[in-house]
Amino acid sequence: SVLNLAGALSGSGETAVGATLIDTTVLNSVNAALGSSASSATSLTAGSVSVGAALTDAAAAAALAGGAAGENAVDGVATPITQDATVTASVGAGASVSAGAGGVDVAASDTATATNIGGTVAIGGENGIGGAAAVTTFVDTTTASIGDGASIDASGAVQVGATASENVVTAVVSGSGGGEVGAAVALTSDIVTDNTQAFIGQGASVGQSARPSGLSIAASDTTT
(Lines give C-alpha, C1' and ligand atoms only; values in the text may rest on other atoms or scores of the structure.)
Protein backbone atom coordinates (compact mmCIF):
# COMPACT_ATOMS: atom_id res chain seq x y z
CA SER A 1 0.00 0.00 0.00
CA VAL A 2 1.06 3.57 -0.67
CA LEU A 3 0.05 6.63 1.39
CA ASN A 4 1.15 10.14 0.40
CA LEU A 5 0.30 13.32 2.33
CA ALA A 6 1.44 16.85 1.52
CA GLY A 7 0.50 20.42 2.27
CA ALA A 8 1.57 23.96 1.52
CA LEU A 9 0.68 27.21 3.30
CA SER A 10 1.68 30.68 2.19
CA GLY A 11 1.03 34.21 3.43
CA SER A 12 2.20 37.67 2.47
CA GLY A 13 1.34 41.32 2.74
CA GLU A 14 1.38 41.55 -1.05
CA THR A 15 1.58 38.25 -2.99
CA ALA A 16 1.37 34.66 -1.76
CA VAL A 17 1.90 31.61 -3.98
CA GLY A 18 1.48 28.01 -2.82
CA ALA A 19 1.53 24.70 -4.68
CA THR A 20 1.43 21.01 -3.79
CA LEU A 21 2.11 18.06 -6.10
CA ILE A 22 1.86 14.38 -5.19
CA ASP A 23 2.70 12.02 -8.07
CA THR A 24 2.07 8.36 -7.23
CA THR A 25 2.99 5.62 -9.74
CA VAL A 26 2.69 1.89 -8.96
CA LEU A 27 3.94 -0.71 -11.46
CA ASN A 28 3.34 -4.37 -10.60
CA SER A 29 3.65 -7.71 -12.34
CA VAL A 30 2.64 -11.02 -10.70
CA ASN A 31 3.01 -14.30 -12.57
CA ALA A 32 2.38 -17.93 -11.58
CA ALA A 33 2.96 -20.51 -14.28
CA LEU A 34 3.31 -24.21 -14.92
CA GLY A 35 5.78 -23.70 -17.72
CA SER A 36 5.50 -25.71 -20.89
CA SER A 37 5.78 -25.28 -24.63
CA ALA A 38 4.98 -27.28 -27.74
CA SER A 39 8.67 -28.11 -28.16
CA SER A 40 9.31 -28.87 -24.49
CA ALA A 41 6.13 -30.18 -22.90
CA THR A 42 5.77 -30.53 -19.13
CA SER A 43 4.12 -33.55 -17.51
CA LEU A 44 2.74 -33.38 -13.97
CA THR A 45 0.92 -35.94 -11.84
CA ALA A 46 -0.40 -34.96 -8.41
CA GLY A 47 -3.35 -35.32 -6.09
CA SER A 48 -4.52 -31.80 -6.95
CA VAL A 49 -2.99 -28.90 -8.85
CA SER A 50 -3.35 -25.20 -8.13
CA VAL A 51 -1.71 -22.35 -10.05
CA GLY A 52 -2.60 -18.99 -8.54
CA ALA A 53 -1.47 -15.37 -8.85
CA ALA A 54 -2.97 -12.58 -6.74
CA LEU A 55 -2.28 -8.87 -6.37
CA THR A 56 -3.75 -6.39 -3.89
CA ASP A 57 -2.90 -2.70 -4.25
CA ALA A 58 -4.01 0.32 -2.26
CA ALA A 59 -2.90 3.88 -2.99
CA ALA A 60 -4.00 7.06 -1.23
CA ALA A 61 -3.03 10.67 -1.80
CA ALA A 62 -4.21 13.76 0.04
CA ALA A 63 -2.89 17.26 -0.62
CA LEU A 64 -3.82 20.75 0.55
CA ALA A 65 -2.58 24.20 -0.43
CA GLY A 66 -3.69 27.48 1.12
CA GLY A 67 -2.63 31.08 0.85
CA ALA A 68 -3.62 34.54 2.02
CA ALA A 69 -2.20 37.86 0.88
CA GLY A 70 -2.96 41.55 1.04
CA GLU A 71 -3.05 41.77 -2.75
CA ASN A 72 -2.71 38.49 -4.70
CA ALA A 73 -3.02 34.86 -3.62
CA VAL A 74 -2.46 31.95 -6.02
CA ASP A 75 -2.61 28.30 -4.93
CA GLY A 76 -2.71 24.98 -6.76
CA VAL A 77 -2.87 21.26 -5.97
CA ALA A 78 -2.34 18.22 -8.24
CA THR A 79 -2.53 14.58 -7.12
CA PRO A 80 -2.11 12.14 -10.03
CA ILE A 81 -2.25 8.41 -9.18
CA THR A 82 -1.25 5.86 -11.83
CA GLN A 83 -1.34 2.08 -11.43
CA ASP A 84 -0.24 -0.39 -14.13
CA ALA A 85 -0.64 -4.04 -13.12
CA THR A 86 -0.34 -7.39 -14.89
CA VAL A 87 -1.46 -10.58 -13.12
CA THR A 88 -1.13 -13.93 -14.90
CA ALA A 89 -1.78 -17.56 -13.90
CA SER A 90 -1.22 -20.18 -16.56
CA VAL A 91 -0.66 -23.79 -17.52
CA GLY A 92 1.61 -23.72 -20.54
CA ALA A 93 1.04 -25.01 -24.04
CA GLY A 94 1.26 -28.77 -24.49
CA ALA A 95 1.39 -29.50 -20.75
CA SER A 96 0.02 -32.80 -19.47
CA VAL A 97 -1.58 -32.50 -16.02
CA SER A 98 -3.22 -35.29 -14.06
CA ALA A 99 -4.87 -34.72 -10.66
CA GLY A 100 -5.91 -38.12 -9.35
CA ALA A 101 -7.36 -37.08 -6.00
CA GLY A 102 -8.69 -33.59 -6.63
CA GLY A 103 -9.07 -30.77 -9.10
CA VAL A 104 -7.06 -28.39 -11.23
CA ASP A 105 -7.42 -24.73 -10.35
CA VAL A 106 -5.88 -21.89 -12.37
CA ALA A 107 -6.74 -18.51 -10.83
CA ALA A 108 -5.62 -14.90 -11.26
CA SER A 109 -6.99 -12.00 -9.22
CA ASP A 110 -6.30 -8.29 -8.99
CA THR A 111 -7.82 -6.00 -6.34
CA ALA A 112 -7.00 -2.29 -6.50
CA THR A 113 -8.22 0.69 -4.52
CA ALA A 114 -7.36 4.38 -4.81
CA THR A 115 -8.36 7.35 -2.68
CA ASN A 116 -7.45 10.69 -4.21
CA ILE A 117 -8.21 13.95 -2.35
CA GLY A 118 -7.12 17.49 -3.14
CA GLY A 119 -8.09 20.89 -1.81
CA THR A 120 -7.03 24.50 -2.16
CA VAL A 121 -8.04 27.90 -0.72
CA ALA A 122 -6.74 31.26 -1.98
CA ILE A 123 -7.75 34.59 -0.41
CA GLY A 124 -6.37 37.88 -1.66
CA GLY A 125 -7.24 41.47 -0.90
CA GLU A 126 -7.44 42.06 -4.65
CA ASN A 127 -7.17 38.72 -6.47
CA GLY A 128 -7.61 35.12 -5.29
CA ILE A 129 -7.04 32.20 -7.65
CA GLY A 130 -7.19 28.54 -6.65
CA GLY A 131 -7.11 25.26 -8.59
CA ALA A 132 -7.20 21.59 -7.62
CA ALA A 133 -6.93 18.49 -9.83
CA ALA A 134 -7.16 14.81 -8.85
CA VAL A 135 -6.53 12.32 -11.67
CA THR A 136 -6.56 8.55 -11.14
CA THR A 137 -5.55 6.08 -13.87
CA PHE A 138 -5.77 2.28 -13.67
CA VAL A 139 -4.43 0.02 -16.45
CA ASP A 140 -4.87 -3.61 -15.38
CA THR A 141 -4.51 -6.92 -17.24
CA THR A 142 -5.64 -10.11 -15.47
CA THR A 143 -5.38 -13.47 -17.24
CA ALA A 144 -5.95 -17.11 -16.28
CA SER A 145 -5.35 -19.73 -18.95
CA ILE A 146 -4.64 -23.29 -19.96
CA GLY A 147 -2.49 -23.23 -23.07
CA ASP A 148 -2.97 -24.62 -26.54
CA GLY A 149 -2.71 -28.38 -26.82
CA ALA A 150 -2.63 -29.00 -23.06
CA SER A 151 -4.11 -32.21 -21.65
CA ILE A 152 -5.95 -32.00 -18.31
CA ASP A 153 -7.31 -34.96 -16.35
CA ALA A 154 -8.78 -34.66 -12.87
CA SER A 155 -11.15 -36.41 -10.49
CA GLY A 156 -12.28 -33.07 -9.08
CA ALA A 157 -13.31 -29.87 -10.87
CA VAL A 158 -11.24 -28.03 -13.46
CA GLN A 159 -11.51 -24.30 -12.87
CA VAL A 160 -10.01 -21.41 -14.82
CA GLY A 161 -10.88 -18.04 -13.30
CA ALA A 162 -9.81 -14.41 -13.63
CA THR A 163 -11.23 -11.67 -11.40
CA ALA A 164 -10.48 -7.97 -11.25
CA SER A 165 -11.88 -5.35 -8.91
CA GLU A 166 -11.20 -1.62 -8.83
CA ASN A 167 -12.53 0.94 -6.37
CA VAL A 168 -11.82 4.63 -6.90
CA VAL A 169 -12.77 7.48 -4.56
CA THR A 170 -11.91 10.99 -5.75
CA ALA A 171 -12.73 14.32 -4.10
CA VAL A 172 -11.49 17.84 -4.78
CA VAL A 173 -12.38 21.20 -3.27
CA SER A 174 -11.24 24.58 -4.55
CA GLY A 175 -12.11 27.95 -3.01
CA SER A 176 -11.01 31.53 -3.55
CA GLY A 177 -11.85 35.08 -2.53
CA GLY A 178 -10.69 38.48 -3.71
CA GLY A 179 -11.71 42.10 -3.48
CA GLU A 180 -11.66 42.32 -7.28
CA VAL A 181 -11.24 38.84 -8.74
CA GLY A 182 -11.93 35.44 -7.23
CA ALA A 183 -11.49 32.30 -9.37
CA ALA A 184 -11.58 28.65 -8.32
CA VAL A 185 -11.29 25.52 -10.47
CA ALA A 186 -11.73 21.88 -9.40
CA LEU A 187 -11.09 18.91 -11.72
CA THR A 188 -11.51 15.18 -11.17
CA SER A 189 -10.76 12.48 -13.72
CA ASP A 190 -10.89 8.69 -13.28
CA ILE A 191 -9.64 6.48 -16.12
CA VAL A 192 -9.94 2.71 -15.79
CA THR A 193 -8.76 0.41 -18.59
CA ASP A 194 -9.09 -3.30 -17.83
CA ASN A 195 -8.50 -6.51 -19.74
CA THR A 196 -9.72 -9.57 -17.83
CA GLN A 197 -9.59 -12.99 -19.52
CA ALA A 198 -10.05 -16.66 -18.64
CA PHE A 199 -9.68 -19.28 -21.34
CA ILE A 200 -8.59 -22.76 -22.42
CA GLY A 201 -6.51 -22.67 -25.58
CA GLN A 202 -7.03 -24.30 -28.94
CA GLY A 203 -6.46 -28.03 -29.24
CA ALA A 204 -6.51 -28.59 -25.48
CA SER A 205 -8.24 -31.66 -24.05
CA VAL A 206 -9.99 -31.99 -20.71
CA GLY A 207 -11.06 -35.35 -19.31
CA GLN A 208 -9.57 -37.66 -21.90
CA SER A 209 -8.41 -40.23 -19.34
CA ALA A 210 -10.26 -39.10 -16.20
CA ARG A 211 -13.46 -37.12 -16.38
CA PRO A 212 -13.51 -34.12 -13.98
CA SER A 213 -16.49 -33.51 -11.71
CA GLY A 214 -17.03 -30.13 -13.34
CA LEU A 215 -15.55 -27.50 -15.63
CA SER A 216 -15.66 -23.76 -15.01
CA ILE A 217 -14.19 -20.94 -17.11
CA ALA A 218 -15.03 -17.54 -15.69
CA ALA A 219 -13.82 -13.95 -15.98
CA SER A 220 -15.26 -11.04 -14.00
CA ASP A 221 -14.45 -7.37 -13.57
CA THR A 222 -16.07 -4.99 -11.09
CA THR A 223 -15.30 -1.28 -11.04
CA THR A 224 -16.87 1.15 -8.58
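Let's start in a loop: Ser36 sits between β3 and β4, where strands are DSSP runs of E with at least two residues, helices are runs of H or I with at least four residues, and both are numbered from the N terminus. This is a predicted model, in which local features need pLDDT of at least 70, side-chain atom pairs count only at pLDDT 80 or more, and totals for chains, interfaces and linings use all residues. Residues are numbered from 1 along each chain as its sequence is written, and side-chain values use heavy atoms, with hydrogens and water left out.

Back to that serine. Ser36 has a relative accessible area of 18%, so it counts as buried; the cut-offs are under 20% for buried, over 50% for exposed and partly exposed in between, using a 1.4 Å probe and protein chains only. Its side chain places a polar atom 3.0 Å from the backbone nitrogen of Thr42, and a polar atom of the Ser36 side chain also lies 2.8 Å from the backbone oxygen of Ala93. Both are polar contacts, meaning N or O atoms within 3.5 Å; within protein, one atom must be able to donate a hydrogen and the other to accept it, and residues adjacent in sequence count only if both atoms are side-chain atoms. Setting aside neighbours within four places in sequence, Ser36 is in contact (heavy atoms within 4.5 Å) with Ala41, Thr42, Gly92, Ala93, Gly94 and Ala95.

Now zoom out. The protein has zero helices and 14 strands. Its C-alpha atoms fill a box of roughly 85 × 25 × 25 Å along the principal axes. The radius of gyration is 26 Å, whereas a compact globule of 224 residues would come in near 17 Å; the radius is taken over C-alpha atoms, and the globule rule is 2.2 Å times the number of residues to the power 0.38. Among contacts with a separation of 6 or more, 83% link residues 24 or more positions apart. Buried residues account for 37% of the 224.

How do the strands line up?

Strand β1 (residues 2-12) runs parallel to β5 over 11 bridges, and Asn4 has Ala61 in β5 as its bridge partner. Strands β6 and β9 are joined in parallel by 20 bridges, with Val87 partnered by Thr142 in β9. Then β9 and β12 (residues 181-200) run parallel, joined by 20 bridges, and Phe138 stands opposite Val192 in β12.

What about the interior? In soluble globular proteins, nonpolar side chains tend to be buried together. The largest nonpolar core here has 25 residues, of which Val51, Val91, Val97, Val104, Val106 and Ile146 touch the most other members. A core is a set of buried Ala, Val, Leu, Ile, Met, Phe, Trp, Tyr and Cys residues joined through side-chain atoms within 4.5 Å. Elements giving two or more residues to this core include β3 (24-34), β5 (49-69), β6 (72-91) and β8 (104-124). A second, separate core of 10 residues includes Ala59, Ala65, Ile81 and Ala132.

Leaving aside neighbours within four places, Val97 is in contact with Leu34, Leu44, Val49, Val91, Val104, Ser151, Ile152 and Asp153.

A last stop is Ala144, in strand β9. Is Ala144 buried or exposed? Its relative accessibility is 0%, so Ala144 counts as buried. Beyond residues up to four places away in sequence, Ala144 touches Ala89, Val106, Ala107, Ala108, Val160, Gly161, Ala162, Gln197, Ala198 and Phe199. Ala144 and Phe199 are 55 residues apart along the chain, yet their C-alpha atoms are separated by 6.7 Å.

Definitions and conventions:
Two strands pair if DSSP finds at least two bridges between them.
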